[in-house]
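Visitor: Please take me through the sheet in this model. I would like a close look at that one part.

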Amino acid sequence: MGKDPTQEDATTEAPLDAPSNGSGLAVADGNPTSEVAEPLSPQDTAIVSEVVSDASETDQAQSSAIEPVPAVSVEQFESLQKEKQDLYDRLLRKQAEFDNFRKRTEKEKIESYDFAVANFILGLLPALDGLERGLSVTEGETVESYKRGIELILKQLRDQLTSAGVQPIRVTGKMFDPNFHQAVMREESAVLPENEIIEEMQRGYTFKDRLLRPSMVKVAVAPAEAQVEEPAAPAEAAGNEPEAVD
């Protein structure tokens, strides 16, 4: 049978003179299943371009952030492991050396302190010996000789304290200073200025320019004000008034 020339296959392309949809694409007439592609507006084209550009930049940033891991051989890995172990062993040795140094320093500090105290006590022993000899006084000893012996012992004690850095606080002719003096008595005086030290009750000391014990002193204060005199009585009579002297 011959093919009907009036029937055409649906897949047959449209003729060249078929009407187009305005974009240069031919549209087949009378084909209900064909879809017409509409052109993109300039605004949509810009949006699509921006999305594509952002996606490209994101991909580039991710690819640059991920650094490739270099390949390490077995020899290099073993070398790094050995170096790490050596450093760890050195750290342990340094910590042990520092701990031994700290203990040795503390021990030397204690020994130095004990040595200094021992030397100070050694300097006090002659004064102690003198006091013990003073207790065994013979009948022939006089008060003057006994006093000289006490003065020698006192000098030994003072010299030993001075060598250790202990100095007495001088108060003679000084003004009262609360940083070094402690006033235990007050005495009115019209001759001495106020707060001048009159007498030393107990001597104070300093140790290497630091107060060790304040001096107990008696200080002078201004005398109390005299009582206000009563006004003179008025004259009894005119005749009793004293005569004027020419």
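Guide: Start with the terms: two strands pair if DSSP finds at least two bridges between them. Strands (E, at least two residues) and helices (H or I, at least four) are DSSP runs, numbered from the N terminus. This is a predicted model; local features need pLDDT of at least 70, side-chain atom pairs count only at pLDDT 80 or more, and totals for chains, interfaces and linings use all residues. Residues are numbered from 1 along each chain as its sequence is written, and side-chain values use heavy atoms, with hydrogens and water left out.

Now the sheet. It is open and has 3 strands, in the order S2-S6-S3, with mixed pairing. Strand S2 (181-188) and strand S3 (197-202) are the edge strands, each pairing on one side only. From one strand to the next, the twist averages 30°.

In general, strands of a sheet pair through backbone hydrogen bonds, either parallel or antiparallel. Here both senses occur. S2 and strand S6 (residues 215-221) run parallel, with 7 bridges. S3 and S6 are antiparallel, with 4 bridges. There, Glu200 has Val217 of S6 as its bridge partner.

Next, the cover. Buried means under 20% relative accessible area, exposed means over 50%, and partly exposed lies in between (1.4 Å probe, protein chains only). S6 is mostly covered, with 6 of its 7 residues buried.

His181 gives a view from strand S2. His181 counts as buried because its relative accessibility is 7%. Contact means heavy atoms within 4.5 Å. Leaving aside neighbours within four places in sequence, His181 is in contact with Ile169, Arg170, Val171, Met175, Phe176, Ile197, Pro214, Ser215 and Val217.

For contrast, look at a helix. Ile121 is found in helix H2 (residues 74-135). Ile121 counts as partly exposed because its relative accessibility is 44%.

Notes:
Axes fitted to C-alpha atoms, helices over the stretch in contact; angles between N-to-C directions.
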